[in-house]
Amino acid sequence: MWAITGIVVLSGVCAAVDMPMMKGRAKELWVFWLLLLLGAGLSIAVALRLPIPNPLDMIAVVFRPVGYWLHNILLPAN
């Protein structure tokens with residue numbers, strides 16, 4: 001519980017410090033909020049010990065058939 005409180009407080013402090021500097025920059029402000037919320041959400045998930053999927057697993061699922069295909073083309077069986 002304390003870890004989640006700390007994450008929320010630190011996220012709020014970061015927002016309070018950086019918000020005045022981004023006045024008038026709408027695109028940067030959207031990106032800032034997106035990344036801040038994503039980072040805070042993932043940090044809270046880690047604090048709650050929730051399983052977070054590894055992005056490399058999805059990349060491997062996508063490219064594994066391509067690797068098999070290239071292997072069969074480049075190294076044909078004798």
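I73 first. I73 is partly exposed, at a relative accessible area of 46%. By that I mean between buried, under 20%, and exposed, over 50%, with a 1.4 Å probe and protein chains only. I73 sits in helix α3, residues 55-74. Helices here are DSSP runs of H or I, at least four residues; strands are E, at least two; numbering starts at the N terminus.

A caution: this is a predicted model, where local features need pLDDT of at least 70, side-chain atom pairs count only at pLDDT 80 or more, and totals for chains, interfaces and linings use all residues. Residues are numbered from 1 along each chain as its sequence is written, and side-chain values use heavy atoms, leaving out hydrogens and water.

Now the whole chain. It has 3 helices and 0 strands. The order from the N terminus is α-α-α. The radius of gyration is 21 Å, well over the 12 Å that the globule rule gives for 78 residues, so the chain is more spread out than a compact globule. That radius is over C-alpha atoms; the rule is 2.2 Å times the number of residues to the power 0.38. Along the principal axes, the C-alpha box is roughly 65 × 35 × 10 Å. Of the 78 residues, 10% count as buried.

Next, α2, residues 26-47. Its 22 residues reach 31 Å from first C-alpha to last, close to the expected 32 Å. The expected span is 1.5 Å times one less than the number of residues. F32, L36, A40 and A45 are buried in α2. After α2 comes R49, with a positive phi near 60 degrees.
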